[in-house]
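Colleague: Hello! I am new to this structure and would like to learn how to read its features, one at a time. Could we look at it together?

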Amino acid sequence: MKADIFLADDYRPSEDEPFMNERQLEYFRRKLLAWKAEIVEDSRDTVQGMKDQTRNIPDIVDRASEETDRALELRTRDRARKLVAKIDAALRRIENGEYGYCEITGEPISLKRLDARPIATMSLEAQERHERREKVHRDD
C-alpha cells in the first residue's frame with residue numbers, strides 16, 4: 001500500500017512541476033472522491049425525499065405536476081448515476097497510470113481542463129474535433 005501523500009489545503013497542480021506526479025494524482029483522486037461522495041449523498045437525500053413525499057393526491061392537476069417534478073428528479077438522478085460511473089473510470093485511470101492523458105492523441109490534458117472537468121478523457125483540441133465530427137454526422 002502506498003504511503004499517504006501530504007497535500008496542503010491550498011495545493012493546486014502547477015505547470016512548474018512534473019506532469020501527473022504523485023501530488024497531482026493525489027489532488028485529482030481526492031477531488032474525484034469528494035465529488036462522488038457529494039453526488040451519492042444528494043442521491044440518498046432525493047430517494048429519502050421521494051419516499052417521504054409519496055402520497056395520494058386526488059386533484060389530477062396537482063398529481064400531474066408532482067409526477068412531472070418526480071420524473072425530472074429521476075432524470076437528474078440518472079445523469080448523476082452516469083457521472084458516478086465516469087468518476088469511477090477516472091479513478092481507475094489514476095490507479096492504472098493513464099489519468100491526465102488524452103485517450104485519442106496520448107498527449108497530456110491541460111491541468112486547467114482537468115481541474116475544471118476532472119473526468120475529462122480528451123484534450124480540449126481532441127474534444128472539439130470530436131464534437132465537430134459528431135455535429136456533422138448528426139446533421140445527416
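## Reading the features

Modeller: Gladly. Let us begin with a charged pair: K36 and D88 form a salt bridge, with their closest N and O atoms 2.7 Å apart. This pair links distant parts of the chain, as K36 sits in helix 1 and D88 in helix 2, 52 residues apart. Please keep in mind throughout that the model is predicted.

Colleague: How should I read a salt bridge, and how many are there by this rule?

Modeller: The general idea is that a side-chain nitrogen of Lys or Arg lies within 4 Å of a carboxyl oxygen of Asp or Glu. By this rule the structure has 8 salt bridges.

Colleague: Are K36 and D88 buried or partly exposed?

Modeller: For that, look at relative accessible area: under 20% is buried, over 50% is exposed, and in between is partly exposed. K36 has 24% relative accessibility, so K36 counts as partly exposed. D88, at 21%, counts as partly exposed too.

Colleague: What does accessibility say about R30 and about E26?

Modeller: R30 counts as partly exposed at 36% relative accessibility, whereas E26 counts as buried at 9%. Leaving out residues up to four places away in sequence, E26 touches I5 and L7.

Colleague: Which residue forms a salt bridge with D115?

Modeller: K31 does, and the closest N and O atoms of the pair are 2.7 Å apart. D115 is in helix 3 and K31 is in helix 1, so the pair ties together parts that are 84 residues apart in sequence. D115 is partly exposed, with a relative accessible area of 24%. K31 counts as partly exposed as well, at 27% relative accessibility.

Colleague: Where does Q127 lie, and is Q127 buried or exposed?

Modeller: Q127 lies in helix 4, which covers residues 124-138. At 17% relative accessibility, Q127 counts as buried. Among residues beyond four places away in sequence, Q127 touches R113 and M122.

Colleague: M122 makes me curious about contacts. How do I read a contact list, and what is I109 in contact with?

Modeller: Contact means that heavy atoms come within 4.5 Å. Leaving aside neighbours within four places in sequence, the contacts of I109 include F19, Y101, L114 and M122. I109 belongs to the loop between helix 2 (60-96) and helix 3 (111-116). With a relative accessible area of 0%, I109 is buried.

Colleague: How many residues apart in sequence are I109 and M122, and how many Å apart in space?

Modeller: I109 and M122 are 13 residues apart in sequence and 6.6 Å apart in space, C-alpha to C-alpha. For another pair, A8 and D45 are 37 residues apart in sequence and 31 Å apart in space, also C-alpha to C-alpha. A8 sits in the segment before helix 1. A8 is partly exposed, with a relative accessible area of 33%.

Definitions and conventions
Residues are numbered from 1 along each chain as its sequence is written. This is a predicted model: local features need pLDDT of at least 70, side-chain atom pairs count only at pLDDT 80 or more; totals for chains, interfaces and linings use all residues. Side-chain values use heavy atoms; hydrogens and water are left out. Helices (H or I, at least four residues) and strands (E, at least two) are DSSP runs, numbered from the N terminus. Buried means under 20% relative accessible area, exposed over 50%, partly exposed in between (1.4 Å probe, protein chains only).
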